[in-house]
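Thanks for coming. I will go through one structure, helix by helix and then residue by residue. Please have a look at it first.

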Amino acid sequence: MNVLIVHAHPEPQSFTAALRDQAVQTLQSNGHEVRVSDLYAMNWNPVASAEDFSLRENPEYLAYALEQRHNSKTQTLATDIRQELDKLLWADLLILNFPIYWFSTPAILKGWIDRVLVSGICYGGKRFYDQGGLRGKKALVTVTLGGREHMFGEGAIHGPLEDMLRPLLRGTLAYVGLEVLQPFVGWHVPYISAEARQAFLVSYGRRLESIESDEPIQYPRLGQFDDRLYPLAQRQ
Ligand SMILES: Cc1cc2nc3c(=O)[nH]c(=O)nc-3n(C[C@H](O)[C@H](O)[C@H](O)COP(=O)(O)OP(=O)(O)OC[C@H]3O[C@@H](n4cnc5c(N)ncnc54)[C@H](O)[C@@H]3O)c2cc1C
């Protein structure tokens, strides 16, 4: 498999970076080809703006997604976007590797999503979920957090982890057609022993050894809905 790891942590010696290195090592030694986008090291620009397009379809009014479509057709997207998009289209598996910031991704990674998941290529019209532009590829979210495992789940103080990650897992990755695997989570990372952190690295390596046979999370399929996207089942 071709694997793209998009890594977002400001500290090169962080535990999140150790997870990235573990992934590179395990995947390469299992015969996979791996590329890494280290967003802080690249000084990635996360801000979606008019500067992303060198040939505007409408110079009077910026409709960002429409310009994404137009500029992808005319090959006039900003170079940094095009380079990331090429890596994404090359990959069979996308790994997003980051610490949870406020129940979400660090802003630099959110900006990678905003700018690289280009309308017209990754989604558009009725090309989403199982019809999304990236169908056939897989995605894995690898996160570290301060919270403890028992704080997440039905009835737990923060609710289910899947709810916290819903905008990313469902609203982004599944939306563009990726088969989304169960996230890998490093719980309570800054507060546990070095040995416990090492155990996370070992279990992550084991998980990646057999990642090709992981079952994806189930999301809606467009065939379950009518032309106006009402559920077919409710009409009977
Ligand atoms: C803005 C912000 C918002 C946040 N929001 C949330 C939130 O909503 N929910 C939540 O739960 N948490 C939240 N956090 C906490 C954050 O998610 C965690 O602090 C982070 O995920 C910890 O991972 P890290 O890689 O930064 O750990 P680090 O602090 O980099 O590492 C922890 C320790 O691991 C050591 N280490 C490094 N490499 C190794 C190795 N190979 N083996 C063993 N040890 C190693 C480091 O030296 C360090 O001592 C937030 C933090 C910030 C800054």
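I start with helix H2, whose buried residues pack against helix H3 (79–90) and helix H4 (107–116). Before going on, some ground rules. This is a predicted model, in which local features need pLDDT of at least 70 and side-chain atom pairs count only at pLDDT 80 or more, while totals for chains, interfaces and linings use all residues. Residues are numbered from 1 along each chain as its sequence is written, and side-chain values use heavy atoms, with hydrogens and water left out. Helices (H or I, at least four residues) and strands (E, at least two) are DSSP runs, numbered from the N terminus.

Which residues of H2 are buried? H2 covers residues 64–73, and the buried ones are Tyr 64, Glu 67, Gln 68, His 70, Asn 71 and Ser 72. Buried means under 20% relative accessible area, exposed means over 50%, and partly exposed is in between, with a 1.4 Å probe and protein chains only. After H2 comes Gln 75, which has a positive phi, near 60°.

Now H4. It is mostly covered, with 7 of its 10 residues buried. Those are Ile 108, Leu 109, Gly 111, Trp 112, Ile 113, Arg 115 and Val 116. The cover over them includes strand E1 (2–7), H2, H3, E3 and helix H6 (166–174).

Why is Phe 98 called buried? Because its relative accessibility is 0%. Leaving aside neighbours within four places in sequence, Phe 98 is in contact (heavy atoms within 4.5 Å) with residues including Ala 8, Thr 16, Leu 109, Thr 142 and Leu 168. Phe 98 and Pro 12 are 86 residues apart along the chain, and their C-alpha atoms are separated by 12 Å.

Not counting residues up to four places away in sequence, Thr 142 touches Leu 19, Ile 95, Leu 96, Asn 97, Phe 98, Phe 184 and Tyr 204. With Tyr 204 there is a side-chain polar contact of 2.9 Å. A polar contact is a pair of N or O atoms within 3.5 Å; within protein, one must be able to donate a hydrogen and the other to accept it, and residues adjacent in sequence count only if both atoms are side-chain atoms.

H1 (residues 15–29) and H7 (residues 194–209) meet at an angle of about 35°, with their axes 9 Å apart. Axes are lines fitted to C-alpha atoms, for helices over the stretch in contact, and angles run from 0 to 180 degrees between N-to-C directions. Among the residues making this contact are Phe 15, Leu 19 and Thr 26 of H1, and Phe 200, Tyr 204 and Leu 208 of H7.

H7 also holds Ser 203. Ser 203 counts as partly exposed because its relative accessible area is 30%. Between Ser 203 and Gln 131 there are 33 Å, C-alpha to C-alpha, and the two are 72 residues apart in sequence.

Last, the ligand. What are the distances to backbone atoms here? A ligand oxygen is 3.2 Å from a polar backbone atom of Phe 15, and an oxygen is 2.7 Å from one of Ile 100. A ligand nitrogen is 2.8 Å from a polar backbone atom of Trp 102.
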